[in-house]
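Hello,

Here is the structure I promised to pass on. Have a look at it first, and my notes follow below.

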Amino acid sequence: MRMTAGRGDRAAPPAPPAPLGQWEVRFADAASAKGWESLTQQARENTYRAWILMRTDPMPLAETPRHHRLKAALAHGTHRGQTCEQWQIRSK
């Protein structure tokens, strides 16, 4: 069952077009959207910083303890038939 926004619900701002050199962040599925909403409620500032990283530098040249490539079976994913690296951004 899909829930729609109703009276008293928070209105998310519409996404602006991605500026040149920035990525557009999209959910892979409904579970991702639900998890993201939960994160924004638990760690709003860190989640915002992660969103900025995903838009501006999703694959940095140097990994950090908080921003690194996933390993083993999770190291790559497929999107629209193209194999892509998968990264993790830790909030704490």
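**What I found**

The protein chain carries 14 positive and 8 negative side chains, and the centres of these two sets are 4 Å apart. Lys and Arg count as positive, Asp and Glu as negative, with His and the chain ends not counted; each charge is placed at NZ of Lys, CZ of Arg, CG of Asp or CD of Glu.

A word on the source: this is a predicted model, in which local features need pLDDT of at least 70 and side-chain atom pairs count only at pLDDT 80 or more, while totals for chains, interfaces and linings use all residues. Residues are numbered from 1 along each chain as its sequence is written, and side-chain values use heavy atoms, with hydrogens and water left out.

Two helices and four strands make up the secondary structure of the protein chain, in the order α-α-β-β-β-β from the N terminus. Helices (H or I, at least four residues) and strands (E, at least two) are DSSP runs, numbered from the N terminus. The C-alpha trace spans about 45 × 30 × 30 Å along its principal axes.

Gly81 counts as exposed because its relative accessibility is 70%. You will find Gly81 in the loop between strand 2 (76-79) and strand 3 (82-85). From Gly81 to Pro60 is 23 Å, C-alpha to C-alpha, with the two 21 residues apart in sequence.

At the start of helix 1, a side-chain oxygen of Asp29 comes within 3.3 Å of the backbone nitrogen of Ala31.

Best wishes

Key
A polar contact is a pair of N or O atoms within 3.5 Å; within protein, one must be able to donate a hydrogen and the other to accept it, and residues adjacent in sequence count only if both atoms are side-chain atoms. Buried means under 20% relative accessible area, exposed over 50%, partly exposed in between (1.4 Å probe, protein chains only).
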